[in-house]
Amino acid sequence: MWQAAQWICALVALSCGAPPGATVVQAAYDRELTAGSALHDDSLQVLQAKCRDDGTGKYLCDITFISKKDPAQRPFFDIVAIARVAGGWELKSGLCKH
């Protein structure tokens, strides 16, 4: 089964073992809106993410983000935890999960 998964990853030019990046963190954050999080801010934009596996299948990510509502667009920093779930990634802590 694992060989089939590796073949599929190679076929679509993905690295299934690669840590998530800014796009993945942004998508996980945006999913929180559909989950009804009252702390979600539509103007948040993740600029950078440096993620590492914490050994349990979750990733801890140092992120840099801005608020598009801020005229100065000052960078903010946070550490988030995300995990792969069916259909994508889920934010476990950080940002709107405080």
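Trainee: What should I know before reading any values?
Mentor: This is a predicted model, in which local features need pLDDT of at least 70 and side-chain atom pairs count only at pLDDT 80 or more, while totals for chains, interfaces and linings use all residues. Residues are numbered from 1 along each chain as its sequence is written, and side-chain values use heavy atoms, with hydrogens and water left out.

Trainee: OK, how many helices and strands are there?
Mentor: The chain has 2 helices and 4 strands, where helices (H or I, at least four residues) and strands (E, at least two) are DSSP runs numbered from the N terminus. Along the sequence they follow the pattern α-α-β-β-β-β.

Trainee: And how much of the chain is buried?
Mentor: Of the 98 residues, 33% are buried, with buried meaning under 20% relative accessible area, exposed over 50%, and partly exposed in between (1.4 Å probe, protein chains only). The chain exposes about 6400 Å², and carbon and sulfur atoms supply 59% of that area; accessible areas come from the Shrake-Rupley method with a 1.4 Å probe, and for residues only the protein chains shown count as cover.

Trainee: Which residues touch the most other members of the largest nonpolar core?
Mentor: They are V25, C61, I63, V80, I82, L91 and L95, in a core of 16 residues. The elements that give two or more residues to this core are helix 2, strand 1, strand 2, strand 3 and strand 4 (88–93). A nonpolar core here is a set of buried Ala, Val, Leu, Ile, Met, Phe, Trp, Tyr and Cys residues joined through side-chain atoms within 4.5 Å.

Trainee: What does L95 touch, then?
Mentor: Leaving out residues up to four places away in sequence, L95 touches Y29, L44, I63, F65, D78 and V80, a contact being heavy atoms within 4.5 Å.

Trainee: Switching topic, which cysteines form a disulfide?
Mentor: C51 is joined to C61, with an S to S distance of 2.1 Å, and the count comes to 1 disulfide under the rule that a pair of cysteine sulfur atoms lies within 2.5 Å. C51 lies in strand 1 and C61 in strand 2, so the pair ties together parts that are 10 residues apart in sequence. The link of C51 and C61 is right-handed, with 110° about the S-S bond, and both cysteines are buried.

Trainee: How many salt bridges does the search find?
Mentor: The search of the whole structure finds 4 salt bridges, each being a side-chain nitrogen of Lys or Arg within 4 Å of a carboxyl oxygen of Asp or Glu. One of them pairs R52 with D62 at 3.3 Å, N to O. R52 lies in strand 1 and D62 in strand 2, so this pair ties together parts that are 10 residues apart in sequence. R52 is partly exposed at 40% relative accessibility, and D62 is also partly exposed, at 32%.

Trainee: What about K69, which residue does its side chain meet?
Mentor: The side chain of K69 meets that of D41 in a salt bridge (3.9 Å, N to O). The pair links distant parts of the chain, 28 residues apart, with K69 in the loop between strand 2 (58–67) and strand 3 (76–85) and D41 in the loop between helix 2 (22–34) and strand 1 (44–53). K69 counts as exposed because its relative accessibility is 64%, whereas D41 is partly exposed at 25%.

Trainee: And R74, is it buried or exposed, or something in between?
Mentor: R74 counts as partly exposed, at 48% relative accessibility. Its side chain meets that of D70 in a salt bridge of 3.0 Å, N to O, and D70 counts as buried because its relative accessibility is 11%.

Trainee: You mentioned D41; which side chains does S43 join by polar contacts?
Mentor: The side chain of S43 has a polar contact of 2.8 Å with that of D41 and a polar contact of 3.0 Å with that of S67. Such a contact is a pair of N or O atoms within 3.5 Å; within protein, one must be able to donate a hydrogen and the other to accept it, and residues adjacent in sequence count only if both atoms are side-chain atoms. S43 is found in the loop between helix 2 and strand 1, and S43 is buried, with a relative accessible area of 7%.
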